[in-house]
Amino acid sequence: MALNFYNSAFPAQRQVKLTSGSNKCHQNVKNLVSRVGVPSISCSPDESLQKGNWVKLICGASFEDVVDIRNLSLVYTLAGVDCIDCAADASVVSAVNEGIEAAREIVPLRRPWVMVSVNDDEDLHFRKAEFDPENCPLDCPRPCENVCPASAILFEKEKSIAEVFYRANQTGEQKSGVITERCYGCGRCFPVCPYDKIGMVTYVRDTAATAELLRRDDVDAVEIHTSARQIKPFRELWDGLDDSITYLRLVAVSLPNIGDETVSSMNSMYSVMQPCLSCFNLWQLDGRPMSGDIGQGATRQSIEFAVHLASAKYRPPGFLQLAGGTNAHTVDGLKRKGLFQTSGEPKQKHSIIGGIAYGGYARKIIGRILSSLQPQHGFACIEDYPDHLLEALGEAIALVGTVYMERVEMSFMGSNTSLTRGEQF
Ligand code: SF4
Ligand code: SF4
């Protein structure tokens with residue numbers, strides 16, 4: 001579904017970057033990574049899970065803007081994430097890996113695991129908004145455009161990055177409406193349209209294509225999004241993935257809190273997976289999907305979900321990791337509940353909560369900087385803008401650093417910055 005230009009136009013841009021000498025301008029970035037001591041200098045992703053230090057960047061199961069994804073992956077690799085979760089699309093996976101390798105050219109960190117997200121049935125994360133702007137009344141104040149957190153709704157008169165995106169890569173004219181590659185299905189535009197013009201198209205990732213992706217050397221993990229209410233579609237997807245599972249380091253299942261049935265459903269899914277599971281497994285507790293950027297309270301449901309599962313006696317094996325509404329307040333919320341980097345029963349050697357995944361909030365704090373880049377040739381490599389990269393890295397560390405450091409201290413851009421968990425950068 002993602003644009004297919006990635007393997008042609010973008011590497012050409014990269015060649016420009018590789019000869020630009022911009023690496024020489026990254027001493028401040030290197031200093032910051034060194035000073036913070038990001039765990040990926042010395043700690044493997046599975047060790048992070050054991051310690052409760054695990055951090056995952058969620059690019060978005062449906063977000064397919066490969067330019068932003070490449071730059072986000074670069075920034076968060078430098079910030080020390082353990083995993084980058086993206087759409088199960090070959091172009092998107094290549095963009096993530098490109099960003100990781102570009103980061104490792106600046107600082108030789110260990111590579112985060114690359115995870116692809118798929119669904120076993122209809123799921124909020126796997127949908128796109130659509131409407132025909134020709135049908136919109138001319139005097140509509142366009143609340144859809146204002147509410148969209150991904151800048152995925154644009155109208156022809158407004159010149160933007162999306163225009164560059166389209167003009168450079170599509171043979172057709174610039175179009176108005178939903179920029180499909182940027183829409184990640186949050187649904188916020190849907191209820192604000194006063195004329196009921198917006199629809200949602202759902203889709204299920206193709207299992208055979210996913211299995212091919214999982215066999216790639218640069219893919220380490222899969223995440224299966226499920227409603228947890230029916231085992232049949234989960235079993236069908238799992239069986240369809242066949243031996244591709246054996247190539248992985250981690251299998252994650254992302255599920256909502258369905259109350260008293262949650263643990264029995266997890267056990268049913270585990271019994272399906274267990275015979276072929278030769279790697280780590282993880283349960284992603286999806287509190288309030290795709291909402292971390294809307295405010296402090298958005299993280300409450302993921303904390304409540306964690307509390308629920310932490311006290312569940314008969315849950316199946318596997319790390320627990322929060323997502324859905326996670327933001328700069330999540331670590332403090334876990335600490336208040338006594339669940340942050342806390343060991344379980346005496347027999348359990350690892351933390352009850354393995355870590356935290358950040359999605360919309362992580363993208364939002366960097367998106368502001370990415371949108372301010374002004375590329376001369378259409379696509380911006382953030383490392384060609386050292387000041388922007390340093391600022392973005394500061395923002396990223398201020399978020400994910402709260403998971404792996406007690407106190408995040410930074411000194412860059414002429415000022416000293418010191419942050420404790422929960423503070424905004
Ligand atoms: S669903 Fe969300 S991301 Fe997609 S266009 Fe609507 S507001 Fe934007
Ligand atoms: S709010 Fe509805 S009618 Fe107005 S521009 Fe958006 S989609 Fe069109």
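At what angle do helix H4 and helix H14 pack? In this predicted model, local features need pLDDT of at least 70 and side-chain atom pairs count only at pLDDT 80 or more, whereas totals for chains, interfaces and linings use all residues. Residues are numbered from 1 along each chain as its sequence is written, and chains are lettered from A and ligands numbered from 1 in the order in which they are written.

Helix H4 (residues 66-78) packs against helix H14 (residues 360-370) at about 110°, and their axes lie 11 Å apart. H4 is therefore roughly perpendicular to H14, a term that covers angles of 65 to 115 degrees. From H4, Asp68, Asn71, Leu72, Val75 and Tyr76 meet Ala362, Arg363, Ile366 and Leu370 of H14; a contact requires C-beta atoms, placed from the backbone, within 7 Å. This contact comprises 6 nonpolar, 1 polar and 2 charged residues.

The ligands come next. Around ligand 1 there are 14 residues, of which Ala129, Cys148, Cys183, Cys186 and Cys189 come nearest; a residue is near a molecule if its C-beta atom, placed from the backbone, lies within 6 Å of it. The shell of ligand 1 holds 11 nonpolar, 2 polar and 1 charged residues.

Confidence is expressed as pLDDT, given for each residue from 0 to 100. The protein chain averages 87, and 83% of the residues score at least 70. Over residues 1-21 pLDDT stays under 50, and the model has 36 contacts beyond four places in sequence for them.

Definitions and conventions:
Axes are lines fitted to C-alpha atoms, for helices over the stretch in contact, and angles run from 0 to 180 degrees between N-to-C directions. Helices (H or I, at least four residues) and strands (E, at least two) are DSSP runs, numbered from the N terminus. Angles under 35 degrees count as roughly parallel, over 145 as roughly antiparallel, 65 to 115 as roughly perpendicular and the rest as oblique. Two residues are in contact if their C-beta atoms, placed from the backbone, lie within 7 Å. Ala, Val, Leu, Ile, Met, Phe, Trp, Tyr, Cys and Pro count as nonpolar, Asp, Glu, Lys and Arg as charged, and the others, Gly among them, as polar. pLDDT is the predictor's confidence in each residue, from 0 to 100.
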